[in-house]
Amino acid sequence: MRKIVLASNNKHKVKEIKEILSDIELLTLNDIGFNEEIDETGTTFLENALIKAETVSNFLKNNNLDYDVLSDDSGLSCIALDGKPGVYSARYASDHDIKLNRTKLINDLKDKDKKAYFNCTLVLYHIDGKYEYAEGKTYGTIIEEEKGDTSFGYDCIFLSDDLKKTFGEATEQEKNSVSHRFRALKQIKKYL
């Protein structure tokens with residue numbers, strides 16, 4: 001079975017991607033001994049995904065490991081906020097408190113259109129520096145009351161157009177069938 005390094009330690013993302021790509025052995029950053037903090041200084045999802053992929057790929061080369069790297073950058077974009085929080089989704093109000101991020105977003109959307117979408121950009125980065133990328137989006141509406149599991153990002157306030165419930169209320173299987181990550185992974189699979 002082919003092994004690919006997933007450039008993330010986010011346990012929710014790792015679990016989701018492993019479930020969707022169940023036919024590929026995915027190694028985490030912990031598995032390869034990578035414990036550096038990667039500065040996401042890009043202004044787009046693609047730039048940040050590439051920064052992560054290149055950093056991990058260089059680590060692999062320096063340690064004589066020959067694996068491709070799969071990296072992801074994703075976030076929530078609101079139409080009325082000109083795409084914000086976007087690449088700053090994980091640190092919109094706070095680096096460490098997603099509840100504060102959700103509260104800020106709800107307050108910023110007061111009396112505004114609540115239409116939003118999750119975006120995921122994936123990069124499959126090869127040891128020779130070549131790469132492919134794919135983008136997936138899923139659309140919905142931001143609601144003010146948290147519903148369902150509140151542990152993962154904005155899921156509990158994102159009412160999915162496809163599912164007619166929040167991602168926080170959805171089962172993993174339901175979410176994985178329509179999510180932005182699933183849609184990007186479906187495209188990237190053709191390169192695997």
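I started with Arg 102, which I placed in helix 4, the element covering residues 98-108. The model is a predicted one, and I kept that in mind throughout. I listed its contacts next, setting aside neighbours within four places in sequence, and found Glu 146, Thr 150, Gly 153, Tyr 154, Cys 156 and Ile 157.

My second residue was Leu 81, which I located in the loop between strand 3 and helix 4. Leu 81 has a relative accessibility of 12% and therefore counts as buried. Beyond its neighbours within four places in sequence, I noted that Leu 81 is in contact with Tyr 92, Leu 105, Asp 108, Leu 109 and Lys 112. I also looked up the separation between the C-alpha atoms of Leu 81 and Arg 91, which are 10 residues apart along the chain, and wrote down 16 Å.

I turned to helix 3, residues 45-62, and checked its length: at 1.5 Å a residue its 18 residues should span 26 Å, and the end C-alpha atoms are 26 Å apart, which agrees. Which residues of helix 3 are buried? I recorded Phe 45, Asn 48, Ala 49, Leu 50, Lys 52, Ala 53, Val 56, Ser 57, Phe 59 and Leu 60. These buried residues pack against strand 1 (3-6), helix 2 (29-32), strand 3 (68-78), strand 4 (115-125) and strand 5 (131-142). After helix 3 comes Asn 64, for which I noted a positive phi, near 55°.

Finally I stepped back to the chain, where I counted six helices and six strands, running from the N terminus as β-α-β-α-α-β-α-β-β-β-α-α. The radius of gyration is 17 Å, close to the 16 Å that the globule rule gives for 192 residues, so the chain is as compact as a globular protein of that length. Along its principal axes I found that the C-alpha trace spans about 55 × 30 × 25 Å.

Of the 192 residues, 48% count as buried, and among contacts between residues at least 6 apart in sequence, 56% join residues at least 24 apart. I put the accessible surface at about 9,600 Å², with 46% of it belonging to carbon and sulfur atoms. For charge I noted 28 positive and 34 negative side chains, the centres of the two sets lying 3 Å apart.

Technical notes. Residues are numbered from 1 along each chain as its sequence is written. This is a predicted model: local features need pLDDT of at least 70, side-chain atom pairs count only at pLDDT 80 or more; totals for chains, interfaces and linings use all residues. Side-chain values use heavy atoms; hydrogens and water are left out. Helices (H or I, at least four residues) and strands (E, at least two) are DSSP runs, numbered from the N terminus. The radius of gyration is taken over C-alpha atoms; the globule rule is 2.2 Å times the number of residues to the power 0.38. Buried means under 20% relative accessible area, exposed over 50%, partly exposed in between (1.4 Å probe, protein chains only). Contact means heavy atoms within 4.5 Å. Accessible areas come from the Shrake-Rupley method with a 1.4 Å probe; for residues, only the protein chains shown count as cover. Lys and Arg count as positive and Asp and Glu as negative; His and the chain ends are not counted. The place of a charge is taken as NZ of Lys, CZ of Arg, CG of Asp or CD of Glu. The expected span of a helix is 1.5 Å times one less than its number of residues.
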